[in-house]
Amino acid sequence: MADTGMQTAGTPLSSVTVSPVTDLSDHATKVDCQGIDVFYGDKQAIFDISMAIPERSVTSFIGPSGCGKSTFLRCINRMNDTIESARVDGKIFIDGQDVNSDRVDPVLLRSRVGMVFQKPNPFPKSIYDNIAYGPRLHGLASSRKDLDEMVETSLTRAGLWNEVKDRLAQPGTGLSGGQQQRLCIARAIAVSPEVILMDEPCSALDPIATARIEELIDELRQRFCIVIVTHSMQQAARVSQRTAFFHLGRLVEFGDTETVFTNPTNERTSDYITGRFG
Amino acid sequence: MRPMTSHIVSAFSEELEQLSADILRMGGVAETMIDQACQALVRGDLKLAEETSEMDDVVDSIEVDVERRITRLLALRNPMATDLRAVIAALKVASELERVGDLSKNIAKRVGPLSGADVSSAIKGIERMGTGVKQQLNSVLNSYSEADSDLSLKVWTGDEDIDQHYNSMFREVLTYMMQDPGLIGAGTHLMFIAKNLERIGDHCTNIAEIVHYQVTGTYLTSSARPKAPLLEG
């Protein structure tokens with residue numbers, strides 16, 4: 001801004017402080033995707049996407065419906081394996097390990113890479129068993145006390161403990177939508193994953209439940225690598241440090257969230273986020 | 001900047017266009033105020049000075065209206081990227097122009113106290129300075145309406161001339177006052193008028209910075225701007 005009063009020659013005026021873009025330089029790459037193509041039968045859904053997702057941070061995927069963001073997300077924990085006609089080419093490394101290698105057991109992989117879906121999908125079991133299921137399956141708890149602790153820690157981290165601690169034996173399906181989603185997040189983090197994938201985790205929730213989940217995501221990023229697909233641009237802007245914009249199966253722009261939302265490099269990104277698309 | 005295609009929500013595009021039209025209207029009034037205040041001073045025209053003072057109400061009311069509509073737009077439309085920068089720019093430019101209006105009004109109010117004082121040569125200097133400042137405002141408003149960052153940069157660096165003009169006015173008026181203590185009252189008014197014009201110049205550089213940010217998404221920092229050294233004493 002221009003000067004506000006008397007200045008002596010050569011004195012620098014107060015210069016504009018530009019807040020730096022989120023610095024993730026000390027965050028190593030957690031998920032390294034290289035040249036990913038996905039086909040459903042003959043139809044190609046993803047075209048040659050490469051992306052390095054940093055650890056301990058939130059990366060959001062945005063783009064219009066059908067742009068391939070969910071398909072790409074599902075490559076990271078090999079959820080596309082469950083679709084008969086799907087074929088994935090290219091390499092994805094988590095901490096340097098190729099997730100598509102024959103030596104990787106998809107079930108173990110999914111314990112390292114947790115997933116939260118659009119609609120809360122608690123098991124038709126008690127709240128306690130919803131959380132205890134994963135640790136039991138993977139043999140993570142050595143005693144009942146151990147398991148109790150895991151359940152409490154997971155529910156606490158998911159911000160649900162105080163609301164459910166007196167009714168752990170009641171069915172998880174009896175909770176409200178927002179609570180169910182936090183239960184699913186607690187279930188995902190109970191097996192101590194390294195990466196959490198969230199596919200529109202708030203789109204079925206009211207604004208207050210959404211705010212709770214967003215707050216939770218912000219806390220979880222201290223220890224996890226989180227990738228979130230969202231249709232809410234504001235949500236992507238609020239919760240993530242990196243944003244990737246997908247269009248027609250291609251990665252159009254991937255960068256610092258603040259830059260993407262204030263000064264995107266690509267015209268298609270700009271058109272999409274300003275509501276000029278299509 | 002490339003021409004903008006329309007939003008899917010057409011009312012949003014209309015609101016943004018209206019906002020920019022209002023800023024230009026406000027700028028036009030402010031420009032007229034500078035011009036008329038200087039004319040009133042040169043001619044000793046108290047009626048014109050009075051009319052100029054009254055125009056400040058127009059500037060103020062446009063600012064209030066712009067601010068109200070921007071608050072609404074931010075709440076309802078969640079503007080992003082180029083739109084977000086355009087809205088923020090409009091809000092900031094409006095407040096800069098509001099100050100330009102105030103300063104011009106202040107010049108007009110000093111026409112009365114100065115009438116009858118024998119300071120015609122200093123007033124000629126003020127007139128030239130006023131023309132320069134008005135030109136700066138005109139250019140920066142053009143840079144806003146054309147989204148022309150090169151022009152905004154030109155205004156930004158051009159403020160140095162205004163500062164030099166101010167320094168020479170300061171020196172001249174100071175000399176008058178030292179020569180004839182009877183002119184201290186009139187001289188002080190002239191000093192304030194020159195300072196007001198210099199401040200309007202600063203508001204123009206602020207607007208230039210805002211336009212530059214709106215168009216390019218990058219910040220100009222004041223420490224990089226060329227400036228005339230300030231006079232001692």
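Biologist: Where is A:R56 found?
Modeller: A:R56 sits in the loop between β2 and β3 (58-62) of chain A; strands (E, at least two residues) and helices (H or I, at least four) are DSSP runs numbered from the N terminus. This is a predicted model, in which local features need pLDDT of at least 70 and side-chain atom pairs count only at pLDDT 80 or more, while totals for chains, interfaces and linings use all residues. Residues are numbered from 1 along each chain as its sequence is written, and chains are lettered from A and ligands numbered from 1 in the order in which they are written.

Biologist: What is the phi of A:R56?
Modeller: Phi of A:R56 is near 40°, which is a positive value in a residue other than glycine.

Biologist: And why does A:R56 count as partly exposed?
Modeller: A:R56 is partly exposed because 17 other C-beta atoms lie within 10 Å. A residue is buried with 20 or more other C-beta atoms within 10 Å of its own, exposed with 12 or fewer, and partly exposed in between, the C-beta atoms being placed from the backbone.

Biologist: Where does A:D48 lie, then?
Modeller: A:D48 belongs to strand β2 (residues 43-54) of chain A. Its phi is near 45°, again positive in a residue other than glycine. A:D48 has 14 C-beta neighbours inside 10 Å and therefore counts as partly exposed.

Biologist: Let us turn to the sheet. In which order do the six strands of chain A come?
Modeller: The order in this open sheet of chain A is β6-β7-β8-β3-β9-β10, with mixed pairing; two strands pair if DSSP finds at least two bridges between them. At the edges are β6 (113-116) and β10 of chain A, each of which pairs on one side only. From one strand to the next, the twist averages 15°.

Biologist: How do β9 and β10 of chain A run, parallel or antiparallel?
Modeller: Strand β9 (residues 242-247) and strand β10 (residues 250-256) of chain A run antiparallel and are joined by six bridges. Among the bridge partners, A:F246 has A:L251 in β10(A), and A:F245 has A:E253. β9(A) and β10(A) form a hairpin with two residues between them, and A:L248 in the turn has a positive phi of about 50°.

Biologist: Which helix lies across β6 and β7 of chain A?
Modeller: That is helix α6 (residues 177-190) of chain A, which lies across β6 and β7 (195-199) and runs at about 175° to β6(A).

Biologist: What does α6(A) give to the largest nonpolar core?
Modeller: The largest nonpolar core has 72 residues, of which A:V195 and A:I226 touch the most other members. α6(A) gives the most to this core, namely seven residues. A second, separate core of 62 residues includes B:I34, B:L141, B:L190 and B:A208. Such a core is a set of buried Ala, Val, Leu, Ile, Met, Phe, Trp, Tyr and Cys residues joined through C-beta atoms within 7 Å.

Biologist: What box do its C-alpha atoms fill?
Modeller: Taken along the principal axes, the C-alpha atoms of chain B fill a box of roughly 70 × 40 × 25 Å. Of the 233 residues in chain B, 45% are buried.

Conventions:
Axes fitted to C-alpha atoms, helices over the stretch in contact; angles between N-to-C directions. Contact = placed C-beta atoms within 7 Å.
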